[in-house]
Every structure is written in structure tokens, then in C-alpha cells.
Amino acid sequence: MTTLALTGSPLWYASRAGGTLALLLLTATVVLGIASGGRARPRRIGRFELGVLHRNLSLLTLVFLVVHVVTAVLDPFVHLGWAVSVVPFGASYRPLWLGLGTAGLDLLLAVAVTSALRRRLGVRRWKAVHWLAYAAWPLALFHGVGTGTDTRLPLQLWLYAGCLGTVVAAVWWRLVKAGPGRVAGRLTAAVATTAVPVVLTAFLASGPLQPGWSQRAASTAVLLGGGR
Amino acid sequence: MSRTRTLRVDRIACTGQGLCAELLPELIDLDEWGYPVLKDTTVPDRLRAHARRAVAACPVLALHTDDDRT
């Protein structure tokens, strides 16, 4: 595993590091967003600082996503082409697992643009789009687990587990704090936070952690990618 | 002709999160339920940047600044 990983190009390293950092930053952004929405009252910092951190870390996430995408496209090992960075599921290389990342990026871009324009859009339309971030996070996670070069490293697995644990804990904290009303929304959140860890564990055990995943990752794509 | 900038709270949108008072305590107090009370609606020049940050921080976009020509 180590020798295999060391043969990649510098671009490939940069892409992996950028992707992993982007996932960590996105996780932090999501948790801070949940904390703001749940009216967290931190003792040592002001509440406005949660909001400012949420914004700044989200912008940093986008910076690392740009690094991740640009280096992946420029890397000569897989010939991806620039369209892959915005059009999901059209890649020649593992279309499904790559496409999840592209779909997540598209959602995050929509969230970023609407946030910049939130005064013009109004709070309802802005927030409606903002909720897409909750979809982008699992997409990013499954993209990383499904096609990440480092998925089988124990440290990387702990990192995924840490990200998952933090977000699940944050959602549950928010659910505990939530008052009555919005039953459908709270049920969806509870079901999703229960389902994502279960599905992820089952997927890891049956897919990326089994031998021969690199071939199967490509063939899953063939199966689901419309006979490419 | 001078331009003054004034603060305005949209009372219907405001949910009393209180972030504005953290960022602009010079002009905004909170009542006992956490809703903002404007001490002065006119934003002095030295507080313009702070007012802008307070407006940007409002999670429900209920704080506004208006440019009035007088």
C-alpha cells in the first residue's frame, strides 16, 4: 500500500490532501452552521463568532476544493477533462464515485452564490437553497470513501469516523434542543443521521475495504453509469 | 447635502438571536426577551463598518441600514 501510494505524481498528492482537508473543513462548517441554527451559547467566544467562523471556514472549504479539483484534473494518471468539475457522473474514470463529489461541489457552489446574494433573494429563498449543504456533506463523504486513494489507511478511516461522529452528534444536539413543530423535518434528520453511519459502514465493509475495489469501483460505475 | 445612515429592525422578521447587539453594542441594546432595542438609529461614521458587520451577521436578515438624504 505504501509503495503503491508513493509512486503517484505530486499533483495526485495535492489532490488527495486538498480533498481530505476540504472534507474536514466542510465538516467543521456544517457543525458550526448547526450550532448557529440551534442557538448555541458558547462560553468563551461570542455567538457572532460562530457565524463568522462558519462563513470563513466555508470559503476556505471552497479554496481547498478548487485545489482538489484542479490538481485532479491536471494529474496525468487519469484524463478527466474540465467538464468533470461541474458536470456530475460524466467522468471516464469511476463516474459514479467521482460524480458524487461533483454533485456535492455543485450544491456547495449554489449555497455559496445564494449566500452572497442573500439580501437580494430574501431569507426564505436563501435558506431553502442553504439546506442543500446538508445533502452536499454526505455526498462529499461517500465520494471520499468510494474513490479516495487513502480510504484503506487506518488514519483516514478514523478521520472519516471523526467527521461522521461530529456531524451526527451536532444534529442530535440540535434535535434535542428543538421544540415542537416541524415534525417531518425532525424525523427526516433523525432517520438520516441514523441511516448514514449504517449505510457507510456497510458500504465500507462490502466495497472499499474488500480486495479488488479499484476494479469494482470502475465496474459499479459501468453498471450505474448507463452502460458506459 | 449630506447622507446619513440609519439602522432599522424588521420587527416581523426578527427572532431575537441577539447577534447584532454583540457586534454593535454602541447602538443596540437587548430587551429582557433578547430582542433588539435601538438606542440611536443614526449610525455615526466611526461605526459604519461595525454596523455593516452587524447587518451581515443577522441570521434572519432582519437588520437593515438605510441611506437617507437630508
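**Entry 1: contacts along the chain.** I began with the contacts in chain A between residues at least 6 apart in sequence, and I noted that 64% of them join residues at least 24 apart. I record here that the model is a predicted one.

**Entry 2: elements.** I then listed the secondary structure and found ten helices and zero strands in chain A. Read from the N terminus, the order is α-α-α-α-α-α-α-α-α-α. I looked up the radius of gyration next: chain A has 18 Å, close to the 17 Å that the globule rule gives for 228 residues, so the chain is as compact as a globular protein of that length.

Entry 3: Along the principal axes, I found that the C-alpha atoms of chain A fill a box of roughly 50 × 40 × 35 Å.

**Entry 4: one helix pair.** I turned to helix H2 (residues 10–37) and helix H8 (residues 154–177) of chain A, whose axes lie 9 Å apart at an angle of about 10°. Angles under 35 degrees count as roughly parallel, and H2(A) and H8(A) are therefore roughly parallel to each other.

**Entry 5: residues of that contact.** On the H2(A) side I listed residues including A:Thr20, A:Leu23, A:Leu24, A:Val30, A:Ile34 and A:Gly37. On the H8(A) side their counterparts include A:Leu159, A:Cys163, A:Val167, A:Ala170 and A:Arg174.

Key:
Residues are numbered from 1 along each chain as its sequence is written. Chains are lettered from A and ligands numbered from 1 in the order in which they are written. This is a predicted model: local features need pLDDT of at least 70, side-chain atom pairs count only at pLDDT 80 or more; totals for chains, interfaces and linings use all residues. Helices (H or I, at least four residues) and strands (E, at least two) are DSSP runs, numbered from the N terminus. The radius of gyration is taken over C-alpha atoms; the globule rule is 2.2 Å times the number of residues to the power 0.38. Two residues are in contact if their C-beta atoms, placed from the backbone, lie within 7 Å. Axes are lines fitted to C-alpha atoms, for helices over the stretch in contact, and angles run from 0 to 180 degrees between N-to-C directions. Angles under 35 degrees count as roughly parallel, over 145 as roughly antiparallel, 65 to 115 as roughly perpendicular and the rest as oblique.
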